[in-house]
Each structure stands twice: as structure tokens, then as C-alpha cells.
Amino acid sequence: MVRWVQERAFKIVLTLSLSWCYGVSQVRGAENLLTSFEIRHGYTYPSSVTVAEGELIHLRLLVAMQTGDRCLYREPGSAKDIDVHGEEQRMQLLPDAENNATVINDPYVNGNECGIRVSPIQQRDAGFWRLTLVRGQERIRGVTMVDVIERPILPEVSDGSVGSLEDISPDRTEYCYVERLDGASEGLNVPMHERCSVPLKETDPTGAGMWRVVAGVQGQMREISYGIHIENKEEQIVPSVHKEPDYHVLSCHLRYTRLMLKFCRFIRLADNLGLNVMPGLGTTRYGYTGAGFERNECGLEIHEPDGLDKGLWKCVLGYGDAELTKVSGAILDNSDTVLPIAIIEREATVTAQNGTLTMLQCNVNKPIDYCWFRGPHGQFYSLSEALAPEGNTGHWYSGISLAMGDCGITLESISDLEHAGLWHCYAGNGRISAVEVSTTFTVRISASQMISVADKVEVRTGFSALLGCDSIPKGTPLQYCRFVTPTGEAFSLNENVTNERPILERYYTNPNHDLAKGSCSLVIASVQEDDVGEWICAGKIEGHPTEHIATVELVDTQDNTTQEGESRSTLSAASISGMVIGSIAIVITAFGVGWWRYRRRLHEEATAVNQELQMRSFDSLGTSPDLGHMMGRLQIGETISVISSDSSGSSRASHQSFRLAH
């Protein structure tokens, strides 16, 4: 827009300057002035030029000089014409280091042109330059608008590396070529206009590696050539927190992506305050900060932060193109103290309908590297953001991202037999703590879209009781709800059924239940005997043609106590009798075992003595005349008495018969 205004201003000045020209018709002869190039574009060439600081410009008149002509120029903001060949011009050629004055070079001689070259261009040289050709009494003038811009800035390359394929263009690129440094010149075949990009192919989808960029930029004649190293990095959101005494800045920067930011949202977890953060909008305390959505920066500035602001926040970023929108984010800790990693969001009880798609989730207050679930029967569910429904695993990751502390699992078809019961959720971040954080919750599954608050409710006759049921999914509105007692009495509930106006003198609506939130609840003012048993809770969910039911059993704890007391009494008598009989049996058994062991030991000792005596007798038969004489007198069938002693010192006789062989 600025450039257009400058060009229009130039044309106006040019028109005025041309009106000053004297004798133009004599110079041009009979040529049609309305169609001449000079009238339409000006006598000075070029009519405008954009040049970078430090470069050279060449300005000239289109009318050729003749012998005796003079060439004058006038600088921007000056009222004085200077002769290109005069003494004053030669003074301009002298160096002026103190003032760093612009040097006016000798005219560029090419067919006797009236022109000048200016180098090096500085910001003070911006504006209208005028050239005048003096031929006797005639004056031919023209002006050139010179726009001086800063020198082009190369991409911010750290150690020759860039993180995004969109970061390789210099400022104000007019054309460029990109080629690999491995010798392949595919990128140089076709020039790119205004923006450089890496020529990707199916065989080279990431562009990782070394590349050379050759670019022509606005305001500079010499091309720019530089090498870059593109790293193959995944999309990521870099969060940061900056604190000053009177304001805090929370920022999320989307990096390594070719997509552009579409929306920026911040959520304060203390009270779920949501802020739609965008450039130019704000409140007295909250506002956008950053370089803009074009540079994928999502930032929130908080002025005079209060207690709720000094806590956990989440940034949620939506980004993409005309065909795709992706959502990701991060969690930011704006607390005054460092909080330990912990699970901050989970439901104590999750209800689901059998055979339906169900999500289980627990959220952590810090970014996590991984998370996993353990089912009620020891099932192991490991999760990652790459685990998607298309994997045909029956379960997948649920949540925005692990960087936001989201840990969730979606079960394709939940089953009462497989999934009902106690679940465990685990999450970890090795950079914060080696110990994982965990929590437990219960999963209850119903055959219909209604489920009782509890399968069994313990009651006592004469006391009040509370029972109810909820819709599935939780919070789905109910058009109505009703109950059926164990005796078959049926009634519906609404806000008019109160404790002052009960049904059947003792049933009324729980004041805390809300049909709009899918909650149906009943209060029994005084439980009677006919209330004990199975109740039916039924409700019609909005949009469903028929109602759904759930059952709940009322159990009289007083009857259970009596039965347990009688059982304890019976067991006590049986225990006493058993103890007596058991004691007698133990005594008899101990006596029998002791006597048996005693007889066995006595027999073993007698056998050992007899064997020793026998061996000695046979060894001495051939050597002892007395023993041989004695054995000779023994008759076959006679016995020898052996005396053995027990441990008490008493002697007992054991008769062992030996039959001697001849």
C-alpha cells in the first residue's frame, strides 16, 4: 500500500515536472506525444527503484546528450541542482568519513547519457531524485522515486540447521532455487517465486539433509547463496512461563510444521475458565502476546495475576490448512511453588452400557512420557498417541496429547465379564520422577442405558433410605423416571413429589436429583418390611423410543444381624464341643504314638545287642576252647537269654532264639 502511494505521488510530480519542459515538441518533432514512452513513463529511467542499504543505483534520462548539453541532478529534500561534470560534483567524490556522505560517481557513459550512479545507498537517500538535461534555453527533466529498505535477513539458522521447511526463505525473496548438496540438481530446474521451499518427493518426504539455496531478493543485485541443514523433527509445542512482579506470560509455540495456527485457547484448571486468545482482543487482565498466528505463536499475558491464575493452565492449539485441522496443546505450571507430579482428574466410578464404545481417563498435572491401564483381571493396556482406532486392537489412546497430561483409553466394545470391576491408571515422566503416579476407579456396566447407583442398598426397618439410577452416558437427559416396588406398586417422580406430599405416605423425590442431568433418585421416609427386595428403576432418555430399566436390591441389615448372631451362637457351641472332642483325641493319639515309639525303640536295641553277641560268638568259635566247649554242649533248639537296659536304667529280659547250624 505504501509503495502504491509512493508511485502515485511520483506520477503526480512527474506530470508537474513534464509541464516545465520547454520545447519538448521541438525535441520530439512530430511524434505523437500521447503515445510516446517518455510521456507515459517519464523521461527518467527507472521511474522508481527499491534498493537495499549499501547497494548502488543507476539513474538516467532517456534523452541522449548532445555537444554543449549539461546534466544536472538534485538530491531528495534539496533545492539545489548540481552539475554532474562541475567542480562541486568533484568535491562530492572526496571521502567524508566523519559524515559518511553518499558518494556521487562519475556519469555512466553509454551513448552520451545524462545519468548518475549513487553508492553506497543509505536511508537518507530515500525520496525523489531529479535529473535535468540543459540544452540552451531548453530544460528536460524527470524524477525517480528511490525507496531504501534494510538489507535482507537470512533465515535464523543455528549451526546450519533449520527446524521447519518454511524457514528457508530470505526476507523479500523474488525468486530462488533449491538443490541438494549431494550433487542432485532437481531443485534448480524450476525457479520458485517469492518463497523458497524444499522440493519434496514420495521417496524423500521429510527433506532431511543438506541443501543449497540460491535466492534473488528485492533491492539487491547480487544473489544470496547459503547452505542449510534440515532436521527431520516431529511437530511439537514448546511451552514457556515468564513471570514479572505485575504480569505473567504463558506461551505455547508450535514448531516444526508446515501448517499454520488457526486458534489459540487457554484453560485455567482451578475453575475451568476458558479464554479464546487472539491478537487484538483482550480484557483488563488478559490479552494476547506473541509474534502472531502467522508465526504459530500462542501466548497469554496476565496482568496483576491473582491466586487462581497462579496455578495450572492448559493451552490448546488448533492448526492446519484448508483441508485439515489438528488440535494439540501443552500444560503450563504457573504456581509459585513446584508441584509434585500427581493425577488431578479422574472419576471414582465409570458407568457404561454393555457392548458399547467407552472411554476411561485420568489426567496428570504435568506432561507425561507414557501411561497405561490395568484391568480388573490383570489386563495390561499400554498407550501412545500413535495408537489409533484404525489399528484394530480393540482399544486406542484417548485425549489431546501426553504433553497436556492426558491419559485416556477408549474401549471399542466394553464387556461386563471382562471389564467390570476395579481399574488402575498409571502415568510417568522420567525427567520429573522415577516413580509412576497411579489411581484406581471402578467400572460398572449395565445391560441397558440405565444403571442403578448401587447394586445393593442396606436398609433398616423404620429408618429412611435412598436409592436411584442414572442414565448412560452419564448426564444424558431423562424425559421422566419411575419406580416399581418389590410388591408391584409403581409410581413416577417429579419435582412436585416432596416430603410434604409423598407417594403412598413414604416415597418422595430426592431434592438433589435432576432429570436434565440424567439422575433419578427416590427417598423412602420410613422403610417397611415390604420395601425389602428388588426394585425397578425405569426412565426414558430423550430421543429414544422406549424406556430403559435398572434394578436395585434393598437388603434389611437387621435380619442379617440376627442371622449372623444365631450363626455365631451355633458356631460357638460347635466350637466348644469340637475342642473337647479334639483334646481327647489328641491325648489318645499322643499316648498311642508314644507307646508305639517306645516298643519300636526297645525292639531295635535288643536286636542290635543280639546281633553283636552273635557275631562275637561266631568269631571266637575257632579260637576259644571254653566257648567252643560251651557251644558244643548247646543242643539244637535251646535258647539264650539276653538282658537289655532302657534309658531309665531298668533291666528287661528279651528272649531271642538262635538256631545253631551244625
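Mentor: Let us begin with a term we shall need: a contact here means heavy atoms within 4.5 Å. Keep in mind, too, that what we are reading is a predicted model.

Trainee: With that term in hand, what share of the contacts with a separation of 6 or more comes from residues 24 or more positions apart?

Mentor: In this protein, residues 24 or more positions apart account for 59% of the contacts with a separation of 6 or more. As for secondary structure, the protein has seven helices and 42 strands, and of its 662 residues 39% count as buried.

Trainee: How many disulfides does the structure hold, and how should I read one of them?

Mentor: A disulfide is a covalent bond between the sulfur atoms of two cysteines. The structure holds eight disulfides, and one of them joins C176 to C196, with an S to S distance of 2.4 Å. This pair links distant parts of the chain, since C176 sits in strand 11 (residues 173-180) and C196 in the loop between strand 12 (192-193) and strand 13 (209-217), 20 residues apart.

Trainee: Are C176 and C196 buried or exposed?

Mentor: Residues under 20% relative accessible area are taken as buried. C176 has a relative accessible area of 0% and is therefore buried, and C196, at 0% relative accessibility, also counts as buried.

Trainee: Which handedness does the link of C252 and C315 have?

Mentor: The sulfur atoms of C252 and C315 are 1.9 Å apart, and with -95° about the S-S bond their link is left-handed. Because C252 lies in strand 16 (residues 247-255) and C315 in strand 21 (residues 312-320), the pair ties together parts that are 63 residues apart in sequence. C252 is buried at a relative accessible area of 0%, and C315 is buried at 0%.

Trainee: Which parts does the disulfide of C469 and C537 tie together?

Mentor: This disulfide has an S to S distance of 1.7 Å. C469 lies in strand 34 (residues 465-471) and C537 in strand 39 (residues 533-541), so the pair ties together parts that are 68 residues apart in sequence. C469 counts as buried at 0% relative accessibility, while C537 is buried with a relative accessible area of 2%.

Methods: Residues numbered from 1 in each chain as written. Predicted model: local features only at pLDDT ≥ 70, side-chain atom pairs only at ≥ 80, totals over all residues. Heavy atoms only, no water. Helix = DSSP H or I, 4+ residues; strand = E, 2+ residues; numbered from the N terminus. Buried < 20%, exposed > 50% of the residue type's maximum accessible area, 1.4 Å probe, protein only. Disulfide = S-S within 2.5 Å.
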